[in-house]
Amino acid sequence: MSLLVVGLSHRSAPVSVLERASLSADAKVKLLHDTLAAEPATEATVLATCNRIELYADVDKFHAGVAELSTLLAQHSGVALEELTPYLYVHYEDRAVHHLFSVACGLDSMVVGEGQILGQIKDALALGQELHTAGRLINDLFQQALRVGKRAHSETGIDRAGQSLVTFGLEQLAVGTPVVEWAAGKRALVIGAGSMSSLAAATLARVGVAEIVVANRTADRAERLAEILVASGTGVSAVAVPMARVADELTRVDLVVSCTGATGLVLTADDVLAAVSWGAAPDPAPQRPAGLDVAPAPRTPPATAGRGPLAGLELADVVARLAAAAEGGRRLADAGAVRTIAGAVEPDGCPVGPDGRAALTGVDANSLELHGTWADQGEAAAQRQPRRSTRTQPHATTVRLSLLDLAMPRDIDAAVHRIPGVRLVDIESLAEASADAPMAADVDAVRGIVAQEVAAFGAAQRAAHITPTVVALRAMAAEVVAMEVARLDGRVPDLDERQRAEVTQTVRRVVDKLLHAPTVRVKQLASEPGGAGYAEALRELFDLDPQTVASVSRADAADPMNDDDPGRAS
(Lines give C-alpha, C1' and ligand atoms only; values in the text may rest on other atoms or scores of the structure.)
Protein backbone atom coordinates (compact mmCIF):
# COMPACT_ATOMS: atom_id res chain seq x y z
CA MET A 1 0.00 0.00 0.00
CA SER A 2 1.32 3.41 -1.02
CA LEU A 3 -1.64 5.61 -0.13
CA LEU A 4 -1.02 9.33 -0.38
CA VAL A 5 -3.37 12.20 0.48
CA VAL A 6 -2.65 15.83 -0.32
CA GLY A 7 -5.18 18.44 0.73
CA LEU A 8 -6.21 21.51 2.66
CA SER A 9 -9.03 22.10 5.13
CA HIS A 10 -10.42 24.60 7.61
CA ARG A 11 -7.68 23.47 9.99
CA SER A 12 -4.84 24.35 7.63
CA ALA A 13 -6.15 27.23 5.53
CA PRO A 14 -8.23 30.37 6.04
CA VAL A 15 -11.74 30.33 4.65
CA SER A 16 -10.76 32.89 2.01
CA VAL A 17 -8.30 30.39 0.53
CA LEU A 18 -10.74 27.47 0.79
CA GLU A 19 -13.36 29.57 -0.93
CA ARG A 20 -11.10 30.30 -3.88
CA ALA A 21 -9.85 26.73 -4.10
CA SER A 22 -13.30 25.11 -4.24
CA LEU A 23 -13.82 22.56 -7.01
CA SER A 24 -16.82 22.46 -9.31
CA ALA A 25 -18.26 19.11 -10.45
CA ASP A 26 -16.46 19.39 -13.80
CA ALA A 27 -13.20 20.31 -12.08
CA LYS A 28 -13.39 17.15 -9.92
CA VAL A 29 -13.79 14.97 -13.01
CA LYS A 30 -10.88 16.63 -14.82
CA LEU A 31 -8.72 16.45 -11.69
CA LEU A 32 -9.22 12.69 -11.34
CA HIS A 33 -8.59 12.02 -15.02
CA ASP A 34 -5.39 14.09 -14.93
CA THR A 35 -4.28 12.38 -11.71
CA LEU A 36 -4.47 8.95 -13.33
CA ALA A 37 -2.70 10.27 -16.40
CA ALA A 38 0.18 11.35 -14.16
CA GLU A 39 2.92 8.75 -13.83
CA PRO A 40 3.04 8.26 -10.02
CA ALA A 41 -0.69 7.49 -9.53
CA THR A 42 -2.53 4.26 -10.37
CA GLU A 43 -5.91 5.09 -8.77
CA ALA A 44 -7.46 8.13 -7.11
CA THR A 45 -10.52 9.95 -5.86
CA VAL A 46 -11.24 13.40 -4.44
CA LEU A 47 -13.07 14.39 -1.26
CA ALA A 48 -14.32 17.96 -1.66
CA THR A 49 -16.67 19.54 0.88
CA CYS A 50 -17.41 23.07 2.05
CA ASN A 51 -14.38 23.00 4.35
CA ARG A 52 -11.90 20.57 2.80
CA ILE A 53 -10.39 19.50 -0.52
CA GLU A 54 -8.39 16.26 -0.42
CA LEU A 55 -6.95 14.19 -3.25
CA TYR A 56 -6.37 10.50 -2.41
CA ALA A 57 -4.16 8.37 -4.66
CA ASP A 58 -2.22 5.13 -4.77
CA VAL A 59 1.27 6.16 -5.86
CA ASP A 60 4.48 4.27 -6.51
CA LYS A 61 6.79 7.18 -5.64
CA PHE A 62 6.27 9.37 -2.59
CA HIS A 63 8.16 12.55 -3.55
CA ALA A 64 7.01 12.49 -7.15
CA GLY A 65 3.47 11.80 -5.97
CA VAL A 66 3.45 14.78 -3.58
CA ALA A 67 4.78 17.10 -6.29
CA GLU A 68 2.32 15.86 -8.91
CA LEU A 69 -0.78 15.87 -6.70
CA SER A 70 0.02 19.34 -5.30
CA THR A 71 0.49 20.71 -8.80
CA LEU A 72 -2.78 19.17 -9.99
CA LEU A 73 -4.72 20.56 -7.02
CA ALA A 74 -3.39 24.03 -7.72
CA GLN A 75 -4.06 23.72 -11.43
CA HIS A 76 -7.69 22.64 -11.09
CA SER A 77 -8.58 24.79 -8.09
CA GLY A 78 -7.38 27.95 -9.78
CA VAL A 79 -5.07 28.98 -6.94
CA ALA A 80 -1.40 29.37 -7.81
CA LEU A 81 0.83 26.60 -6.44
CA GLU A 82 3.12 28.99 -4.57
CA GLU A 83 0.08 30.48 -2.83
CA LEU A 84 -1.57 27.13 -2.12
CA THR A 85 1.51 25.25 -0.87
CA PRO A 86 1.72 26.83 2.64
CA TYR A 87 -1.76 25.51 3.42
CA LEU A 88 -1.37 21.96 2.07
CA TYR A 89 -0.90 18.92 4.29
CA VAL A 90 0.40 15.50 3.27
CA HIS A 91 -0.33 12.09 4.81
CA TYR A 92 1.20 8.82 3.64
CA GLU A 93 0.29 5.15 4.15
CA ASP A 94 -0.96 4.48 7.71
CA ARG A 95 -1.13 8.19 8.54
CA ALA A 96 -3.29 8.74 5.46
CA VAL A 97 -5.62 5.94 6.61
CA HIS A 98 -5.75 7.44 10.11
CA HIS A 99 -6.64 10.82 8.64
CA LEU A 100 -9.54 9.53 6.54
CA PHE A 101 -10.94 7.40 9.37
CA SER A 102 -10.78 10.45 11.67
CA VAL A 103 -12.58 12.49 9.05
CA ALA A 104 -15.25 9.78 8.67
CA CYS A 105 -15.90 9.81 12.43
CA GLY A 106 -16.29 13.57 12.52
CA LEU A 107 -13.13 14.17 14.53
CA ASP A 108 -11.69 16.47 11.86
CA SER A 109 -14.96 18.26 11.10
CA MET A 110 -15.62 21.90 11.80
CA VAL A 111 -18.35 20.67 14.15
CA VAL A 112 -16.87 17.65 15.94
CA GLY A 113 -19.03 14.56 15.67
CA GLU A 114 -21.24 15.67 12.78
CA GLY A 115 -22.40 12.77 10.64
CA GLN A 116 -22.91 14.58 7.34
CA ILE A 117 -19.33 13.83 6.30
CA LEU A 118 -20.25 10.16 5.83
CA GLY A 119 -22.50 11.08 2.93
CA GLN A 120 -19.73 13.16 1.40
CA ILE A 121 -17.25 10.27 1.70
CA LYS A 122 -19.79 8.01 0.05
CA ASP A 123 -20.15 10.52 -2.79
CA ALA A 124 -16.36 10.68 -3.22
CA LEU A 125 -16.19 6.87 -3.53
CA ALA A 126 -19.12 6.82 -5.96
CA LEU A 127 -17.39 9.42 -8.15
CA GLY A 128 -14.18 7.35 -8.27
CA GLN A 129 -16.17 4.24 -9.12
CA GLU A 130 -18.18 6.02 -11.79
CA LEU A 131 -15.05 7.40 -13.46
CA HIS A 132 -13.18 4.09 -12.95
CA THR A 133 -10.40 5.92 -11.12
CA ALA A 134 -10.96 4.01 -7.86
CA GLY A 135 -9.16 0.66 -7.75
CA ARG A 136 -8.78 -1.97 -5.08
CA LEU A 137 -7.05 0.27 -2.53
CA ILE A 138 -9.42 3.25 -2.83
CA ASN A 139 -12.48 0.98 -2.75
CA ASP A 140 -11.24 -0.87 0.33
CA LEU A 141 -10.19 2.33 2.07
CA PHE A 142 -13.36 4.35 1.56
CA GLN A 143 -15.72 1.45 2.23
CA GLN A 144 -13.87 0.76 5.47
CA ALA A 145 -13.97 4.48 6.34
CA LEU A 146 -17.75 4.40 6.02
CA ARG A 147 -17.92 1.36 8.30
CA VAL A 148 -15.61 3.01 10.85
CA GLY A 149 -17.69 6.19 10.85
CA LYS A 150 -20.91 4.24 11.40
CA ARG A 151 -19.25 2.22 14.17
CA ALA A 152 -18.14 5.40 15.93
CA HIS A 153 -21.66 6.82 15.87
CA SER A 154 -23.29 3.56 17.00
CA GLU A 155 -20.83 2.57 19.74
CA THR A 156 -20.14 5.97 21.30
CA GLY A 157 -21.95 9.17 22.10
CA ILE A 158 -19.99 11.20 19.55
CA ASP A 159 -23.34 12.53 18.28
CA ARG A 160 -23.63 14.43 21.54
CA ALA A 161 -20.34 16.19 20.83
CA GLY A 162 -21.59 17.86 17.72
CA GLN A 163 -24.27 18.19 15.11
CA SER A 164 -24.66 19.16 11.51
CA LEU A 165 -23.40 22.51 10.27
CA VAL A 166 -27.03 23.56 9.87
CA THR A 167 -27.86 22.98 13.54
CA PHE A 168 -24.60 24.56 14.67
CA GLY A 169 -25.26 27.56 12.44
CA LEU A 170 -28.75 28.00 13.85
CA GLU A 171 -27.31 27.88 17.36
CA GLN A 172 -24.94 30.70 16.46
CA LEU A 173 -27.81 32.75 15.07
CA ALA A 174 -29.89 32.11 18.19
CA VAL A 175 -27.08 33.49 20.42
CA GLY A 176 -27.73 31.48 23.56
CA THR A 177 -31.48 31.08 23.11
CA PRO A 178 -32.64 27.48 22.58
CA VAL A 179 -33.01 27.00 18.82
CA VAL A 180 -36.52 25.57 19.15
CA GLU A 181 -37.61 28.64 21.10
CA TRP A 182 -35.79 31.04 18.78
CA ALA A 183 -37.12 29.47 15.57
CA ALA A 184 -40.73 29.05 16.66
CA GLY A 185 -43.13 30.84 14.32
CA LYS A 186 -40.44 32.26 12.05
CA ARG A 187 -40.64 32.45 8.28
CA ALA A 188 -37.59 31.01 6.52
CA LEU A 189 -36.22 31.20 2.98
CA VAL A 190 -34.04 28.31 1.82
CA ILE A 191 -32.01 29.08 -1.31
CA GLY A 192 -30.96 25.92 -3.13
CA ALA A 193 -32.42 22.41 -3.23
CA GLY A 194 -29.32 20.21 -3.02
CA SER A 195 -28.33 17.90 -0.19
CA MET A 196 -27.21 20.65 2.22
CA SER A 197 -30.22 22.85 1.47
CA SER A 198 -32.54 19.87 1.92
CA LEU A 199 -30.91 19.14 5.28
CA ALA A 200 -31.34 22.79 6.23
CA ALA A 201 -35.02 22.75 5.26
CA ALA A 202 -35.65 19.53 7.18
CA THR A 203 -33.88 20.93 10.24
CA LEU A 204 -35.90 24.15 10.10
CA ALA A 205 -39.12 22.17 9.90
CA ARG A 206 -38.05 20.04 12.86
CA VAL A 207 -37.21 23.02 15.10
CA GLY A 208 -40.59 24.62 14.51
CA VAL A 209 -40.45 27.38 11.89
CA ALA A 210 -43.93 28.26 10.65
CA GLU A 211 -43.22 28.61 6.94
CA ILE A 212 -40.43 27.65 4.55
CA VAL A 213 -40.01 29.14 1.10
CA VAL A 214 -37.70 27.19 -1.22
CA ALA A 215 -36.00 28.98 -4.11
CA ASN A 216 -33.93 27.11 -6.67
CA ARG A 217 -32.83 27.61 -10.25
CA THR A 218 -34.45 24.28 -11.15
CA ALA A 219 -38.12 24.72 -10.30
CA ASP A 220 -38.89 20.99 -10.20
CA ARG A 221 -36.36 20.35 -7.44
CA ALA A 222 -37.67 23.24 -5.36
CA GLU A 223 -41.24 22.01 -5.74
CA ARG A 224 -40.24 18.47 -4.83
CA LEU A 225 -38.47 19.65 -1.66
CA ALA A 226 -41.50 21.74 -0.69
CA GLU A 227 -43.77 18.71 -1.16
CA ILE A 228 -41.52 16.57 1.05
CA LEU A 229 -41.55 19.23 3.78
CA VAL A 230 -45.34 19.48 3.75
CA ALA A 231 -45.62 15.69 3.95
CA SER A 232 -43.05 15.45 6.76
CA GLY A 233 -45.66 15.65 9.50
CA THR A 234 -43.99 18.63 11.21
CA GLY A 235 -46.87 20.96 10.39
CA VAL A 236 -44.67 23.39 8.49
CA SER A 237 -46.07 25.29 5.53
CA ALA A 238 -43.79 25.10 2.49
CA VAL A 239 -43.91 26.60 -1.00
CA ALA A 240 -41.51 26.81 -3.93
CA VAL A 241 -40.70 30.05 -5.73
CA PRO A 242 -38.44 30.91 -8.69
CA MET A 243 -35.08 32.51 -8.02
CA ALA A 244 -36.42 35.76 -9.46
CA ARG A 245 -38.62 36.06 -6.36
CA VAL A 246 -35.77 35.91 -3.84
CA ALA A 247 -35.45 39.69 -3.43
CA ASP A 248 -39.21 39.91 -2.94
CA GLU A 249 -39.24 37.11 -0.34
CA LEU A 250 -36.43 38.76 1.64
CA THR A 251 -38.86 41.47 2.77
CA ARG A 252 -41.21 39.00 4.47
CA VAL A 253 -38.95 36.35 6.03
CA ASP A 254 -37.03 36.30 9.30
CA LEU A 255 -34.36 33.78 8.34
CA VAL A 256 -32.44 32.84 5.19
CA VAL A 257 -30.34 29.71 4.69
CA SER A 258 -28.39 29.61 1.44
CA CYS A 259 -26.29 26.82 -0.01
CA THR A 260 -26.03 26.75 -3.79
CA GLY A 261 -23.36 25.79 -6.27
CA ALA A 262 -23.20 29.29 -7.71
CA THR A 263 -19.77 30.73 -8.42
CA GLY A 264 -20.92 34.29 -7.69
CA LEU A 265 -22.94 35.96 -4.96
CA VAL A 266 -26.60 35.00 -4.69
CA LEU A 267 -27.42 37.77 -2.21
CA THR A 268 -25.55 41.05 -2.39
CA ALA A 269 -25.37 43.65 0.36
CA ASP A 270 -27.60 45.77 -1.87
CA ASP A 271 -30.31 43.08 -1.84
CA VAL A 272 -30.25 42.71 1.93
CA LEU A 273 -30.09 46.45 2.59
CA ALA A 274 -33.13 47.01 0.38
CA ALA A 275 -35.07 44.24 2.12
CA VAL A 276 -34.46 45.36 5.71
CA SER A 277 -34.82 49.05 4.85
CA TRP A 278 -38.13 48.73 3.07
CA GLY A 279 -40.22 47.64 6.03
CA ALA A 280 -38.73 50.25 8.38
CA ALA A 281 -38.87 53.38 6.20
CA PRO A 282 -40.37 53.12 2.74
CA ASP A 283 -40.18 56.80 1.74
CA PRO A 284 -36.54 57.92 1.96
CA ALA A 285 -33.67 56.19 0.23
CA PRO A 286 -32.13 53.66 2.63
CA GLN A 287 -29.09 55.01 4.46
CA ARG A 288 -26.01 52.87 3.97
CA PRO A 289 -24.05 52.03 7.12
CA ALA A 290 -20.58 53.51 7.34
CA GLY A 291 -18.05 51.43 5.46
CA LEU A 292 -20.63 49.46 3.49
CA ASP A 293 -19.33 49.69 -0.06
CA VAL A 294 -22.44 48.94 -2.08
CA ALA A 295 -24.51 50.83 -4.60
CA PRO A 296 -27.63 52.64 -3.33
CA ALA A 297 -30.51 50.27 -2.76
CA PRO A 298 -33.11 50.12 -5.55
CA ARG A 299 -36.03 52.47 -5.14
CA THR A 300 -38.62 50.12 -6.67
CA PRO A 301 -40.63 48.52 -3.87
CA PRO A 302 -40.93 44.72 -3.79
CA ALA A 303 -44.23 43.21 -4.90
CA THR A 304 -45.05 42.15 -1.37
CA ALA A 305 -44.51 45.63 0.11
CA GLY A 306 -47.35 47.78 1.28
CA ARG A 307 -49.03 45.07 3.29
CA GLY A 308 -47.33 45.99 6.58
CA PRO A 309 -48.67 48.33 9.25
CA LEU A 310 -46.13 51.02 8.28
CA ALA A 311 -47.43 51.33 4.71
CA GLY A 312 -48.66 54.84 3.83
CA LEU A 313 -47.32 56.55 6.95
CA GLU A 314 -45.33 59.77 6.83
CA LEU A 315 -41.70 59.76 7.95
CA ALA A 316 -42.52 61.54 11.21
CA ASP A 317 -45.18 58.93 12.00
CA VAL A 318 -42.81 56.07 11.18
CA VAL A 319 -40.07 57.51 13.40
CA ALA A 320 -42.56 58.13 16.20
CA ARG A 321 -43.84 54.55 16.10
CA LEU A 322 -40.34 53.12 15.95
CA ALA A 323 -39.30 55.30 18.88
CA ALA A 324 -42.33 54.32 20.93
CA ALA A 325 -41.77 50.63 20.24
CA ALA A 326 -38.08 50.91 21.06
CA GLU A 327 -38.77 52.79 24.28
CA GLY A 328 -41.08 50.06 25.52
CA GLY A 329 -39.14 47.14 24.04
CA ARG A 330 -42.33 46.05 22.30
CA ARG A 331 -42.90 44.28 18.98
CA LEU A 332 -44.08 45.81 15.74
CA ALA A 333 -45.79 43.68 13.07
CA ASP A 334 -44.26 44.00 9.62
CA ALA A 335 -46.01 42.48 6.57
CA GLY A 336 -47.60 39.80 8.67
CA ALA A 337 -44.38 38.72 10.38
CA VAL A 338 -43.25 39.73 13.84
CA ARG A 339 -40.09 41.82 14.15
CA THR A 340 -38.53 42.83 17.43
CA ILE A 341 -37.93 46.57 17.57
CA ALA A 342 -35.75 47.39 20.57
CA GLY A 343 -33.10 49.95 21.20
CA ALA A 344 -29.92 50.12 23.21
CA VAL A 345 -29.35 52.81 25.80
CA GLU A 346 -27.92 55.83 24.02
CA PRO A 347 -24.64 57.06 25.56
CA ASP A 348 -23.53 60.66 25.41
CA GLY A 349 -22.54 61.87 21.98
CA CYS A 350 -25.71 61.15 20.06
CA PRO A 351 -26.33 64.18 17.80
CA VAL A 352 -30.09 64.12 18.51
CA GLY A 353 -29.69 64.57 22.24
CA PRO A 354 -29.55 62.55 25.45
CA ASP A 355 -33.19 61.51 25.60
CA GLY A 356 -32.82 58.25 23.67
CA ARG A 357 -34.90 57.15 20.72
CA ALA A 358 -37.96 59.00 22.00
CA ALA A 359 -36.17 62.16 20.95
CA LEU A 360 -36.24 61.03 17.32
CA THR A 361 -39.87 62.07 16.99
CA GLY A 362 -40.15 65.23 14.93
CA VAL A 363 -36.45 65.75 14.18
CA ASP A 364 -35.48 66.87 10.71
CA ALA A 365 -33.96 64.59 8.08
CA ASN A 366 -30.42 66.02 8.44
CA SER A 367 -30.35 65.33 12.18
CA LEU A 368 -31.78 61.88 11.59
CA GLU A 369 -28.99 61.12 9.11
CA LEU A 370 -26.40 62.38 11.61
CA HIS A 371 -27.93 60.07 14.21
CA GLY A 372 -27.64 57.15 11.78
CA THR A 373 -23.98 57.92 11.14
CA TRP A 374 -23.28 58.16 14.87
CA ALA A 375 -25.07 54.85 15.52
CA ASP A 376 -23.15 53.14 12.70
CA GLN A 377 -19.85 54.33 14.15
CA GLY A 378 -20.86 53.02 17.57
CA GLU A 379 -21.76 49.64 16.11
CA ALA A 380 -18.51 49.51 14.16
CA ALA A 381 -16.59 50.19 17.37
CA ALA A 382 -18.49 47.45 19.15
CA GLN A 383 -17.75 45.03 16.31
CA ARG A 384 -14.04 45.68 16.69
CA GLN A 385 -14.18 44.28 20.22
CA PRO A 386 -13.20 40.60 20.58
CA ARG A 387 -16.18 38.29 20.48
CA ARG A 388 -16.80 34.61 19.89
CA SER A 389 -19.74 34.85 17.53
CA THR A 390 -19.14 36.25 14.07
CA ARG A 391 -20.54 38.62 11.55
CA THR A 392 -23.38 39.79 13.78
CA GLN A 393 -24.67 43.06 15.06
CA PRO A 394 -24.08 43.74 18.78
CA HIS A 395 -26.58 41.89 20.93
CA ALA A 396 -28.33 45.15 21.89
CA THR A 397 -29.33 45.68 18.24
CA THR A 398 -32.55 43.95 17.27
CA VAL A 399 -32.08 41.38 14.51
CA ARG A 400 -34.46 42.01 11.64
CA LEU A 401 -33.02 39.35 9.33
CA SER A 402 -30.85 36.31 10.18
CA LEU A 403 -28.68 34.86 7.42
CA LEU A 404 -26.95 31.46 7.38
CA ASP A 405 -24.54 30.98 4.46
CA LEU A 406 -23.34 27.38 4.14
CA ALA A 407 -21.98 27.68 0.59
CA MET A 408 -18.37 27.51 -0.52
CA PRO A 409 -17.68 29.82 -2.26
CA ARG A 410 -20.01 32.06 -0.30
CA ASP A 411 -23.54 32.85 -1.50
CA ILE A 412 -24.05 35.95 0.66
CA ASP A 413 -21.91 39.08 0.56
CA ALA A 414 -19.87 39.23 3.79
CA ALA A 415 -20.48 43.00 3.88
CA VAL A 416 -24.09 42.49 5.00
CA HIS A 417 -22.91 42.07 8.60
CA ARG A 418 -22.44 45.85 8.66
CA ILE A 419 -26.14 46.45 8.03
CA PRO A 420 -28.01 47.25 11.28
CA GLY A 421 -30.57 44.59 12.09
CA VAL A 422 -28.81 41.86 10.11
CA ARG A 423 -27.00 38.89 11.60
CA LEU A 424 -24.81 36.76 9.30
CA VAL A 425 -23.28 33.40 10.11
CA ASP A 426 -21.14 31.82 7.40
CA ILE A 427 -18.47 29.13 7.07
CA GLU A 428 -15.78 31.46 8.38
CA SER A 429 -17.76 32.40 11.47
CA LEU A 430 -18.65 28.76 12.12
CA ALA A 431 -14.96 27.89 12.03
CA GLU A 432 -14.23 30.58 14.63
CA ALA A 433 -17.12 29.53 16.86
CA SER A 434 -16.32 25.83 16.69
CA ALA A 435 -12.81 26.45 18.02
CA ASP A 436 -14.36 26.95 21.45
CA ALA A 437 -17.07 24.29 21.17
CA PRO A 438 -17.04 21.84 24.08
CA MET A 439 -15.58 18.40 23.40
CA ALA A 440 -17.51 15.36 24.55
CA ALA A 441 -15.80 12.66 26.58
CA ASP A 442 -16.81 10.21 23.84
CA VAL A 443 -14.23 11.78 21.53
CA ASP A 444 -11.52 9.78 23.30
CA ALA A 445 -13.47 6.58 22.71
CA VAL A 446 -13.78 7.41 19.02
CA ARG A 447 -10.05 8.04 18.80
CA GLY A 448 -9.53 4.58 20.27
CA ILE A 449 -11.79 3.09 17.62
CA VAL A 450 -9.89 4.90 14.88
CA ALA A 451 -6.55 3.59 16.19
CA GLN A 452 -7.88 0.01 16.25
CA GLU A 453 -9.34 0.26 12.77
CA VAL A 454 -6.20 1.79 11.31
CA ALA A 455 -4.10 -1.07 12.68
CA ALA A 456 -6.59 -3.65 11.38
CA PHE A 457 -6.77 -2.03 7.95
CA GLY A 458 -3.00 -1.82 7.66
CA ALA A 459 -2.63 -5.45 8.65
CA ALA A 460 -5.26 -6.52 6.14
CA GLN A 461 -3.62 -4.54 3.35
CA ARG A 462 -0.17 -5.91 4.13
CA ALA A 463 -1.57 -9.43 4.28
CA ALA A 464 -3.34 -8.84 0.98
CA HIS A 465 -0.02 -7.74 -0.51
CA ILE A 466 1.44 -11.21 0.06
CA THR A 467 -1.69 -13.06 -1.06
CA PRO A 468 -0.77 -13.13 -4.78
CA THR A 469 2.56 -14.71 -3.86
CA VAL A 470 0.86 -17.36 -1.68
CA VAL A 471 -1.68 -18.07 -4.42
CA ALA A 472 1.11 -18.38 -6.98
CA LEU A 473 2.97 -20.79 -4.65
CA ARG A 474 -0.09 -23.00 -4.23
CA ALA A 475 -0.72 -22.92 -7.98
CA MET A 476 2.85 -24.08 -8.57
CA ALA A 477 2.39 -26.86 -5.99
CA ALA A 478 -0.85 -27.99 -7.68
CA GLU A 479 0.96 -28.07 -11.01
CA VAL A 480 3.75 -30.22 -9.52
CA VAL A 481 1.15 -32.66 -8.11
CA ALA A 482 -0.59 -32.91 -11.49
CA MET A 483 2.72 -33.56 -13.26
CA GLU A 484 3.71 -36.29 -10.79
CA VAL A 485 0.29 -38.01 -11.02
CA ALA A 486 0.57 -37.98 -14.81
CA ARG A 487 4.04 -39.46 -14.53
CA LEU A 488 2.70 -42.17 -12.20
CA ASP A 489 0.02 -43.04 -14.77
CA GLY A 490 2.74 -43.63 -17.33
CA ARG A 491 4.82 -45.84 -15.04
CA VAL A 492 1.93 -47.75 -13.43
CA PRO A 493 -0.79 -47.90 -16.11
CA ASP A 494 -2.69 -50.74 -14.40
CA LEU A 495 -4.06 -48.55 -11.57
CA ASP A 496 -7.84 -48.38 -11.59
CA GLU A 497 -9.75 -45.10 -11.06
CA ARG A 498 -10.22 -45.63 -7.33
CA GLN A 499 -6.53 -46.32 -6.76
CA ARG A 500 -5.45 -43.39 -8.93
CA ALA A 501 -7.79 -41.01 -7.01
CA GLU A 502 -6.45 -42.28 -3.67
CA VAL A 503 -2.84 -41.74 -4.69
CA THR A 504 -3.63 -38.27 -6.06
CA GLN A 505 -5.41 -37.25 -2.86
CA THR A 506 -2.52 -38.55 -0.73
CA VAL A 507 0.03 -36.51 -2.66
CA ARG A 508 -2.14 -33.40 -2.40
CA ARG A 509 -2.53 -33.81 1.36
CA VAL A 510 1.24 -34.11 1.77
CA VAL A 511 1.81 -30.92 -0.23
CA ASP A 512 -0.94 -29.02 1.60
CA LYS A 513 0.43 -29.99 5.01
CA LEU A 514 3.93 -28.95 4.03
CA LEU A 515 2.74 -25.55 2.75
CA HIS A 516 0.11 -24.80 5.37
CA ALA A 517 2.33 -23.71 8.27
CA PRO A 518 4.73 -21.53 6.25
CA THR A 519 1.93 -19.81 4.26
CA VAL A 520 -0.16 -19.06 7.35
CA ARG A 521 2.89 -17.82 9.21
CA VAL A 522 4.09 -15.67 6.32
CA LYS A 523 0.67 -14.00 6.17
CA GLN A 524 0.87 -13.22 9.88
CA LEU A 525 4.38 -11.83 9.56
CA ALA A 526 3.49 -9.84 6.46
CA SER A 527 0.56 -8.18 8.28
CA GLU A 528 2.92 -6.67 10.83
CA PRO A 529 4.69 -3.36 10.22
CA GLY A 530 7.79 -3.92 8.11
CA GLY A 531 6.49 -7.25 6.82
CA ALA A 532 6.54 -6.32 3.14
CA GLY A 533 9.80 -8.19 2.59
CA TYR A 534 8.31 -11.61 3.30
CA ALA A 535 6.59 -11.77 -0.08
CA GLU A 536 9.91 -11.21 -1.81
CA ALA A 537 11.58 -13.85 0.37
CA LEU A 538 8.87 -16.36 -0.52
CA ARG A 539 9.30 -15.69 -4.23
CA GLU A 540 13.05 -16.15 -3.96
CA LEU A 541 12.87 -19.33 -1.85
CA PHE A 542 10.45 -21.11 -4.17
CA ASP A 543 11.72 -19.54 -7.40
CA LEU A 544 8.25 -18.29 -8.31
CA ASP A 545 7.70 -16.79 -11.73
CA PRO A 546 7.18 -13.00 -11.30
CA GLN A 547 4.77 -13.05 -14.24
CA THR A 548 2.57 -15.58 -12.46
CA VAL A 549 2.47 -13.45 -9.31
CA ALA A 550 1.69 -10.34 -11.37
CA SER A 551 -1.13 -12.10 -13.21
CA VAL A 552 -2.70 -13.11 -9.88
CA SER A 553 -2.44 -9.50 -8.68
CA ARG A 554 -4.09 -8.18 -11.83
CA ALA A 555 -6.93 -10.68 -11.59
CA ASP A 556 -7.45 -9.81 -7.93
CA ALA A 557 -7.48 -6.07 -8.62
CA ALA A 558 -9.93 -6.49 -11.49
CA ASP A 559 -12.59 -7.51 -8.98
CA PRO A 560 -12.29 -5.14 -5.98
CA MET A 561 -15.30 -6.69 -4.29
CA ASN A 562 -13.79 -10.16 -4.26
CA ASP A 563 -12.31 -10.61 -0.81
CA ASP A 564 -11.92 -14.38 -0.89
CA ASP A 565 -9.92 -16.40 -3.36
CA PRO A 566 -10.89 -20.08 -3.38
CA GLY A 567 -7.27 -21.03 -3.85
CA ARG A 568 -6.01 -19.24 -0.76
CA ALA A 569 -4.83 -21.13 2.25
CA SER A 570 -6.92 -20.75 5.37
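## Overall make-up

The protein chain of this predicted model contains 20 helices and twelve strands, and 49% of its 570 residues count as buried. Among the contacts that join residues at least 6 apart in sequence, 73% link residues at least 24 apart. The chain exposes about 26,700 Å², of which carbon and sulfur atoms supply 54%.

## A six-stranded parallel sheet

Six strands make up an open sheet with parallel pairing, and their order is β7-β6-β5-β8-β11-β12. Because β7 (237-241) and β12 (422-425) stand at the edges with a single partner strand each, one side of each is left without a neighbour in the sheet. Neighbouring strands of this sheet are turned by 15° against each other on average, if direction is ignored. In general, the strands of a sheet pair through backbone hydrogen bonds, either parallel or antiparallel.

Another helix, α8 (residues 165-174), lies across β8 (255-258), β11 (401-405) and β12, and runs at about 150° to β11.

## Nonpolar cores

Nonpolar side chains tend to be buried together in soluble globular proteins. Here the largest nonpolar core has 69 residues, and those with the most contacts inside it are L84, L165, L170, L204, I212, L229 and L406. Leaving aside residues up to four places away in sequence, L229 touches A201, A202, A205, I212, V214, T234, V236 and A238. Apart from this core lies another, of 34 residues, which includes V5, C105, V112 and V454.

## Helix α3 and its surroundings

Helix α3 (residues 62-77) has 16 residues and reaches 22 Å from its first C-alpha to its last, which is close to the 22 Å expected at 1.5 Å a residue. Just after α3, G78 takes a positive phi of about 85°.

Which residues of α3 are buried? They are G65, V66, L69, S70, L72, L73, A74, H76 and S77. An α-helix has 3.6 residues a turn, so residues three or four places apart point the same way. The elements that cover the buried residues of α3 include the strands β1 (3-9), β3 (52-59) and β4 (89-92), together with the helices α1 (15-20), α2 (25-37) and α4 (81-84).

Technical notes: Residues are numbered from 1 along each chain as its sequence is written. This is a predicted model: local features need pLDDT of at least 70, side-chain atom pairs count only at pLDDT 80 or more; totals for chains, interfaces and linings use all residues. Side-chain values use heavy atoms; hydrogens and water are left out. Helices (H or I, at least four residues) and strands (E, at least two) are DSSP runs, numbered from the N terminus. Buried means under 20% relative accessible area, exposed over 50%, partly exposed in between (1.4 Å probe, protein chains only). Contact means heavy atoms within 4.5 Å. Accessible areas come from the Shrake-Rupley method with a 1.4 Å probe; for residues, only the protein chains shown count as cover. Two strands pair if DSSP finds at least two bridges between them. Axes are lines fitted to C-alpha atoms, for helices over the stretch in contact, and angles run from 0 to 180 degrees between N-to-C directions. A nonpolar core is a set of buried Ala, Val, Leu, Ile, Met, Phe, Trp, Tyr and Cys residues joined through side-chain atoms within 4.5 Å. The expected span of a helix is 1.5 Å times one less than its number of residues.
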